[in-house]
Amino acid sequence: MEEVIRKYFQCWLDKDVDAVKGFFSEDIVYSECYGPVYKGIGQIIRWFEDWNRKGTVLQWDIKRVIVSGNIAVVEWYFKCDYEGNVDGFDGVAIAEFNAEMKICDLKEFRSKAEHYCPYGE
C-alpha cells in the first residue's frame with residue numbers, strides 16, 4: 001500500500017495522467033481537503049487533467065505512512081503553483097484499498113504549515 005501511495009504522489013509531480021488511472025477503483029470516492037468530492041475514475045481523470053492545465057505540484061513530501069489492514073494513513077507536506085499563486089500546507093490522507101489493491105476511498109485533511117507554540121517550547 002505504501003508503494004502505491006508513493007507512486008500516486010509522484011504522478012502529480014510528473015503530471016502523468018496515465019499512471020493515475022492505475023491507482024484507483026472504478027467507483028473511487030475522493031474527498032479533497034478543501035471541499036470537492038470526485039466520484040468514479042472518470043471524474044478523477046478529468047480533475048487531474050483540469051488541475052494540471054492550471055497548476056504545477058512543486059513538492060509533495062511524505063512524512064509518514066501508517067498501514068493497518070486495508071487502510072493507509074499518510075502524513076504529508078504539499079506545495080504547488082496554481083494559476084500563479086504558490087502555497088503549501090501540511091496534510092493527512094486516509095486511503096482505503098480494495099481486494100485488488102486499488103484505492104476505493106480517499107479522504108484528505110489539511111493543516112496550516114506555519115505552526116507555533118503559544119506557551120513556549
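Two strands count as paired if DSSP finds at least two bridges between them. Helices (H or I, at least four residues) and strands (E, at least two) are DSSP runs, numbered from the N terminus. The structure is a predicted model, in which local features need pLDDT of at least 70 and side-chain atom pairs count only at pLDDT 80 or more, while totals for chains, interfaces and linings use all residues. Residues are numbered from 1 along each chain as its sequence is written, and side-chain values use heavy atoms, with hydrogens and water left out.

**Exercise 1. Determine the order of the strands in the sheet and identify those at its edges.**

Step 1. Strands of a sheet pair through backbone hydrogen bonds, either parallel or antiparallel.

Step 2. The open sheet has 6 strands in the order β2-β1-β6-β5-β4-β3, and its pairing is mixed.

Step 3. β2 (37–39) and β3 each have a single partner strand and stand at the edges, so one side of each has no neighbour in the sheet.

Step 4. From one strand to the next, the twist averages 20°; angles run from 0 to 180 degrees between N-to-C directions, and axes are lines fitted to C-alpha atoms, for helices over the stretch in contact.

**Exercise 2. For the strand pairs, state the direction and the number of bridges, with examples of facing residues.**

Step 1. β1 and β2 run antiparallel and are joined by 3 bridges, and Tyr 30 stands opposite Tyr 38 in β2.

Step 2. On to β6: strand β1 (residues 24–31) runs parallel to β6, with 4 bridges. Here Leu 106 of β6 is the bridge partner of Tyr 30, and Ile 103 of β6 is that of Phe 24.

Step 3. β5 and β6 pair in the antiparallel sense over 8 bridges, with Phe 97 opposite Ile 103 in β6.

Step 4. β4 and β5 are also antiparallel, over 12 bridges; Tyr 77 stands opposite Asp 90 in β5.

Step 5. Strand β3 (residues 55–68) and strand β4 (residues 71–82) run antiparallel and share 12 bridges. Gly 55 has Tyr 82 of β4 as its bridge partner.

**Exercise 3. Which residues take a positive phi in the hairpins?**

Step 1. The hairpin of β1 and β2 has 5 residues between the strands, and Gly 35 there has a positive phi near 130°.

Step 2. In the hairpin of β3 and β4, with 2 residues between the strands, the residue is Gly 69, with phi near 60°.

Step 3. Between β4 and β5 there are 2 residues, and Glu 83 takes a positive phi near 50°.

Step 4. The hairpin of β5 and β6 has 5 residues between the strands; Met 101 takes a positive phi near 65°.

**Exercise 4. Describe how the helices α1 and α3 lie on the sheet and against each other.**

Step 1. Helix α1 (residues 2–14) lies across β1, β3, β4, β5 and β6 and runs at about 175° to β3.

Step 2. α3 packs on the sheet, where it touches β1, β2, β3 and β4, and its direction makes about 55° with that of β1. Contact means heavy atoms within 4.5 Å.

Step 3. The axes of α1 and α3 come within 10 Å and cross at roughly 40°. The two helices are therefore oblique to each other, given that angles under 35 degrees count as roughly parallel, over 145 as roughly antiparallel, 65 to 115 as roughly perpendicular and the rest as oblique.

Step 4. Tyr 8, Cys 11 and Trp 12 of α1 meet Trp 47, Phe 48, Trp 51 and Asn 52 of α3.

Step 5. These contact residues divide into 6 nonpolar, 1 polar and no charged. In this scheme Ala, Val, Leu, Ile, Met, Phe, Trp, Tyr, Cys and Pro count as nonpolar, Asp, Glu, Lys and Arg as charged, and the others, Gly among them, as polar.
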